[in-house]
Amino acid sequence: MPQELTLNTRWTRLAAKRFHEGRGRPVIALHGWLDNAASFDPIAPLLPDLDILALDLPGHGHSAHRPAGQHYHFVDFVADVVAAADAIGWEQFSLMGHSMGAAISSLIAASFPQRVERLVLIEGLGPWGEDPENCADHLAEATRQLLDGNPTKQRHYPSLQPIIRARLQAGDLSESSARRLMERNTGTDREGIFWRTDPRLRYRSPIYITEEQAQGFLSRIQAPTLFIRDGERTPPARYNWQQRETLIANLKIAKLSGGHHLHMENPQPVAEVVRRFFSE
């Protein structure tokens, strides 16, 4: 069973699940948007030679929310993860990220190459690149949401089932995987079951990285990198994976099956390629 941890950094409290403590290379695992550390429950037990720290990013799972009046800037997650590594005492570590977590991992590996030994990117290759012409509109929308929103208002549910159904309507997950994630993304009080997830995570990002900036980060990655993707799924054109794959100097690509959450839906073959990658 994984160990539940709380890491206190200089500015926030991060929850995490640690698998195989002290039994192998240290790996920080980063989940996707609106997911949580339970995203790695299916695959982590299949990687017994890795000491895996699966984080709940701020606003997700059991981790603390940002203070009132603050945005969830994508680039701020970089400092959160590096602070978590400092808190647990890991000067060097590898990263394994899914989707948004893969994008965050890409930025960390590019910006702190001396600290990142290996990089596993699952269904994500750098952050989404945005057209600069949209920047002003996005900042205006994000500011209006922050000023007009009421993130403290909490809706309650009589059971977990309607929350699971809502997640299933978004697609790409089986009911068992959705239940696993939603059990960690919810809490219970006298009024019923409520979302732990910070509603501000659904607000428009105030500023996006451009495609040119995203490619600039990828070209700076020095760590051996494994990119795992669903070979049967056509990714949105804005991800620009075909072009980006040429930018990382030491890149291996594994095309498997299982959808966007293939590390949850089809963990055995994903774990096999990860094990081979870390044994090289």
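This is a predicted model: local features need pLDDT of at least 70, side-chain atom pairs count only at pLDDT 80 or more; totals for chains, interfaces and linings use all residues.

Q: In what order do the strands of the open sheet run?

A: Strands of a sheet pair through backbone hydrogen bonds, either parallel or antiparallel. Here 8 strands form an open sheet with mixed pairing, ordered β1-β2-β4-β3-β5-β6-β10-β11. β1 and β11 (251–256) are the edge strands, each with a single partner, so one side of each has no neighbour in the sheet. From one strand to the next, the twist averages 20°.

Q: In which sense do β3 and β5 pair?

A: Strands β3 (residues 25–30) and β5 (residues 93–98) are parallel, joined over 4 bridges. As a landmark, Val-27 stands opposite Ser-94 in β5. Helix α2 (residues 100–111) lies across β3, β5 and β6 (116–122), and runs at about 150° to β5.

Q: Which residues of helix α5 are buried?

A: In α5 (residues 175–184), they are Ser-177, Ala-178, Leu-181, Met-182 and Arg-184. These residues cover an arc of only 160° around the axis, which puts them on the same side of α5. Their cover includes β1, β2, α4, β8, β9 and α8.

Q: Where does Arg-233 lie, and why does Arg-233 count as partly exposed?

A: Look in the loop between β10 (225–230) and α7 (241–244). Arg-233 has 25% relative accessibility, and partly exposed covers the range between under 20% (buried) and over 50% (exposed). Beyond its neighbours within four places in sequence, Arg-233 contacts Glu-123, Trp-241 and His-260. Leu-256 is 23 residues from Arg-233 in sequence, with 9.8 Å between their C-alpha atoms.

Definitions and conventions: Residues are numbered from 1 along each chain as its sequence is written. Side-chain values use heavy atoms; hydrogens and water are left out. Buried means under 20% relative accessible area, exposed over 50%, partly exposed in between (1.4 Å probe, protein chains only). Helices (H or I, at least four residues) and strands (E, at least two) are DSSP runs, numbered from the N terminus. The arc is that of the directions from the helix axis to the C-beta atoms. Contact means heavy atoms within 4.5 Å. Two strands pair if DSSP finds at least two bridges between them. Axes are lines fitted to C-alpha atoms, for helices over the stretch in contact, and angles run from 0 to 180 degrees between N-to-C directions.
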